[in-house]
Amino acid sequence: MKYTTVVFDLDGTLLNTLEDLMNATNHALSQFGYPQRTLAEIRTFVGNGVRRLIERSLPDGADTPQFEEILSEFRAYYTVHCEDHTQAYDGVLTLLQQLKSAGCRLAIVSNKLDSAVKELNQSYFHGLVQTAIGEKDGIRRKPAPDMVENALTELNSSKNEAVYVGDSDVDIQTAANSGLPCISVSWGFRDAEFLRQKGASVIADTPQQVYEYIQKGTA
């Protein structure tokens, strides 16, 4: 294989986490009397970390007087309930097993809370994904390249042997900022047309297509 290291986004790429994110958001909003958000709305709000998710969910955004309290309420609730409805997309486990069998090193980088990223990786991908990095102090969120660079360091890999896989415009930007080729996936939180508009050049409609792109080195 041309690529020996694969760096994955998590939400919308490996796991469908949308319902749990909506429930945590609506729980936090309800505690302070703010209106609930729909699944379709939450789909458009995610991708830039939980702070931006809550900011986008509130009528007055970050100017909301109780903003930090609402954010804390979200974090506390989601930490406990992040696996209530979350599940791996069809074919994802097979993809990871194929890549591991081919000798690839695998990483997850996500703008969700670092503790949740590590917990979800342990629950769903134990023994398959070697390193998982989320939002924490001292590391910039995607699309900054920090998480990708940290993952490559932990895996003892270099950029010229790595490829990035994600479902959003944030992921396309992250790959570009990190100097990695990008495979965009159309089954997640953004559709193929949106991804093309944001500059995606390689789009996979199934996990098996991701494997084929990686195998052929066509990303």
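Helix 3, residues 50–57, packs against helix 4, residues 67–81, at an angle of about 120 degrees, and their axes lie 10 Å apart. This is a predicted model, so please keep that in mind throughout.

Angles from 65 to 115 degrees count as roughly perpendicular and those over 145 as roughly antiparallel, so helix 3 and helix 4 are oblique to each other. Their crossing is right-handed.

Which residues make the contact? From helix 3 we have Val50, Arg51, Leu53, Ile54 and Glu55, and they meet Phe67, Glu68, Ile70, Leu71, Phe74 and Arg75 of helix 4. By type, the residues of this contact divide into 7 nonpolar and 4 charged, with no polar ones.

Now to the backbone. Most peptide bonds are trans, and most residues other than glycine have a negative phi.

The peptide bond between lysine 142 and proline 143 is cis, with omega about 15 degrees. Where does proline 143 sit? Look in the loop that runs between strand 5, residues 131–135, and helix 7, residues 146–155.

The other case is asparagine 156. Its phi is positive, about 60 degrees, although asparagine 156 is not a glycine. You will find asparagine 156 in the loop between helix 7 and strand 6, the strand at residues 162–166.

Is asparagine 156 buried or exposed? The relative accessible area of asparagine 156 is 67%, and the cut-off for exposed is over 50%, so this residue counts as exposed.

That is what I have for today.

Terms used
Residues numbered from 1 in each chain as written. Predicted model: local features only at pLDDT ≥ 70, side-chain atom pairs only at ≥ 80, totals over all residues. Heavy atoms only, no water. Helix = DSSP H or I, 4+ residues; strand = E, 2+ residues; numbered from the N terminus. Buried < 20%, exposed > 50% of the residue type's maximum accessible area, 1.4 Å probe, protein only. Axes fitted to C-alpha atoms, helices over the stretch in contact; angles between N-to-C directions. Parallel < 35°, antiparallel > 145°, perpendicular 65-115°, else oblique. Left-handed = near helix turned anticlockwise from the far one by under 90°. Contact = heavy atoms within 4.5 Å. Nonpolar A, V, L, I, M, F, W, Y, C, P; charged D, E, K, R; others polar.
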